[in-house]
Amino acid sequence: MCGVFGIYGHPEAANITYLGLHALQHRGQEAAGIVTSDGERLTPHRSMGLVQAGFSPTDLAALRGDRAIGHVRYSTAGGSHIRNAQPFAVDYARGSVAVGHNGNLTNYEALRDRLEARGSIFQSASDTEVIVHLIAASTQATVESRISEALGQVEGAYSILFLTERELIAVRDPMGFRPLCMGRLSHGGVDAVVIASEPTAFDLIGATYVRDIEPGEMVIVDATGTRSLRPFAPRTRKLCIFEHVYFARPDSLIEGASVYEVRKALGRKLAEESPVPGGNDAGDVVVVPVPDSGVPAAIGFAERAGAPFEMGLIRSHYVGRTFIEPQQSIRHFGVRLKLSPNRAALANKRVVIVDDSIVRGTTSRKIVKMVRDAGAREVHLRISSPPTRWPCFYGIDTPTRAELIAATHTEGEICKYVTADSLGYLSLEGLVTSVRNIERVASPNGPTSPSSGEAAENGYCAACFSGTYPVPFNPNPKSRHLRLVHG
């Protein structure tokens with residue numbers, strides 16, 4: 001996934017960016033970086049691991065300037081290594097530029113081969129670096145024109161920030177796969193522009209959410225103010241619907257919709273489509289979320305099912321999000337370390353476990369066993385999204401199709417594998433309808449969501465559920481540079 005944050009016009013730009021990245025830490029835990037500009041030169045600092053561990057007060061003090069961009073990373077293209085940490089910052093013939101990218105470029109392989117044939121030397125294994133080389137090769141007169149020309153050659157997903165000596169530039173790809181929003185931080189005579197992957201970053205720093213950056217829009221912030229360009233041909237919106245299901249923080253707004261309210265609506269719809277077998281007449285049913293991402297959906301499910309909501313699984317908050325850990329061994333260990341059963345809430349109950357998704361099935365199997373061992377009489381698993389049958393090629397770390405349990409097994413087979421008494425998924429239609437029907441914060445750019453009259457997937461990318469990919473790609477299992485199995 002990754003998260004990006006930028007600010008222009010604040011004397012403590014590095015410190016504010018540090019806080020913004022902290023609020024976006026859920027989007028990536030492998031590496032973090034900040035690049036600042038004082039109007040004359042760029043100053044970078046990048047570190048592996050969490051934001052808090054990677055930036056000391058001395059590190060932040062060295063990052064001088066009133067403008068900055070930052071990035072938190074988890075690997076999709078390229079491995080977990082400091083050379084792949086962002087933002088990248090380079091000097092080239094026309095000055096300096098730094099770039100932080102959330103998304104994945106589907107034609108990266110072809111672009112890199114072409115650039116290397118022309119003599120380009122790459123320092124990383126990240127798809128983002130091709131954008132830097134394309135900018136450096138451009139003969140356009142202005143930096144925004146060079147960026148537009150470079151991005152006009154790439155395909156796929158990008159919500160991306162650029163920092164030069166003088167400008168902060170934010171761009172969202174024409175389909176809008178990944179979220180990007182703009183805000184203002186006004187305090188004590190300072191009026192700074194802020195950009196972030198999610199508006200939850202604004203809450204921490206005391207900024208005000210202004211609007212989403214629209215698909216295909218370029219926002220340029222410099223000494224003259226803020227202006228907007230539309231350098232790309234319009235395309236059909238394809239926001240990643242999995243942002244609403246899992247990735248975004250529940251206190252965020254995505255396309256003007258409260259993620260928390262969306263997830264509760266998913267739970268209510270799930271309870272309608274897959275009610276508890278036998279009903280709740282005996283009063284022995286409890287609805288238990290898989291924390292933290294399953295909590296809002298479980299609240300909605302319990303509300304619609306008329307069953308009590310219980311915290312039957314207790315999460316250790318000293319362990320990160322297991323889904324985005326890069327190594328399978330860590331992911332398996334993390335399940336045992338992350339959750340423990342609350343026997344008082346589970347013993348002798350018919351337990352409905354609500355989770356956001358099933359990927360490989362191994363985590364769900366361990367959780368069902370944990371709940372049953374804690375004394376549950378029955379364990380029913382409910383998933384607030386459709387079966388994940390296809391890998392993502394636009395920036396989410398999903399495995400190969402062979403590793404996705406729903407791609408090779410029926411619902412009944414999955415139920416048997418995870419040892420649940422029953423299993424129910426939310427339908428794709430139910431997912432899209434629930435997302436659409438949430439009231440949205442008004443945007444000065446007009447509607448932020450497709451109308452309810454459009455076809456089921458219009459306006460959203462749901463390729464991981466349907467296999468319908470909005471941007472074509474040519475997966476190469478022997479790729480030298482890009483592990484397409486990671487999107």
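Trainee: A charge sits over a ring if NZ of Lys or CZ of Arg is within 6 Å of the ring centre and within 35 degrees of the ring normal. Which residue lies over the face of tyrosine 417?

Mentor: Arginine 365 does, at 4.8 Å from the ring centre. Elsewhere, arginine 401 has its charged end over the ring of tryptophan 390, 3.7 Å from the centre of that ring. Keep in mind that this is a predicted model: local features need pLDDT of at least 70, side-chain atom pairs count only at pLDDT 80 or more, and totals for chains, interfaces and linings use all residues. Residues are numbered from 1 along each chain as its sequence is written, and side-chain values use heavy atoms, with hydrogens and water left out.

Trainee: OK. How many aromatic pairs are there?

Mentor: The count is eight aromatic pairs. Rings of Phe, Tyr and Trp (its six-membered ring) pair if their centres lie within 6.5 Å; planes under 30 degrees apart are stacked, over 60 edge-to-face, and the rest tilted. One of the pairs is tyrosine 18 with phenylalanine 55, and it is edge-to-face because the planes stand at 70°, with the centres 6.3 Å apart.

Trainee: Where do tyrosine 18 and phenylalanine 55 lie?

Mentor: Tyrosine 18 is in helix H1 (residues 13-23), and phenylalanine 55 is in the loop between helix H2 (51-54) and helix H3 (57-62), so the pair ties together parts 37 residues apart in sequence. Helices (H or I, at least four residues) and strands (E, at least two) are DSSP runs, numbered from the N terminus.

Trainee: Is tyrosine 18 buried or exposed?

Mentor: Tyrosine 18 is buried, at 16% relative accessible area, and phenylalanine 55 is buried too, at 4%. Buried means under 20% relative accessible area, exposed over 50%, and partly exposed in between (1.4 Å probe, protein chains only).

Trainee: What about tyrosine 394 and tyrosine 469?

Mentor: Their planes are at 65° and their centres 6.3 Å apart, so this pair is edge-to-face. Tyrosine 394 is in the loop between strand S21 and helix H14 (405-408), while tyrosine 469 is in the segment after helix H17 (463-466), 75 residues apart. Together with Phe177 and Phe393, Tyr394 and Tyr469 form one aromatic cluster.

Trainee: New topic. In what order do the seven strands of the open sheet run?

Mentor: The order is S3-S2-S4-S1-S10-S9-S11, with antiparallel pairing. Strand S3 (42-48) and strand S11 (208-212) are the edge strands, each pairing on one side only. Two strands pair if DSSP finds at least two bridges between them. Strand S2 (residues 31-37) and S3 have seven bridges, in the antiparallel sense; glycine 33 has arginine 46 in S3 as its bridge partner.

Trainee: What does H1 touch on the sheet?

Mentor: H1 packs on the sheet by touching strand S1 (3-8), S2, strand S4 (67-73) and strand S9 (181-187). Contact means heavy atoms within 4.5 Å.

Trainee: And which residues of helix H10 are buried?

Mentor: In H10 (residues 295-305) they are Val295, Pro296, Ala297, Ala298, Gly300, Phe301 and Ala302. These buried residues pack against helix H9 (259-273) and against strands S17 (285-289), S20 (350-355) and S21 (378-383). Glycine 306 follows H10 and has a positive phi, near 70°.

Trainee: Last one: where does glutamate 144 lie?

Mentor: Glutamate 144 is in helix H6 (residues 143-151), and its relative accessibility is 14%, so it counts as buried. Leaving aside neighbours within four places in sequence, glutamate 144 is in contact with Ile169, Met218, Ile220, Arg227 and Leu229.

Conventions. Axes fitted to C-alpha atoms, helices over the stretch in contact; angles between N-to-C directions.
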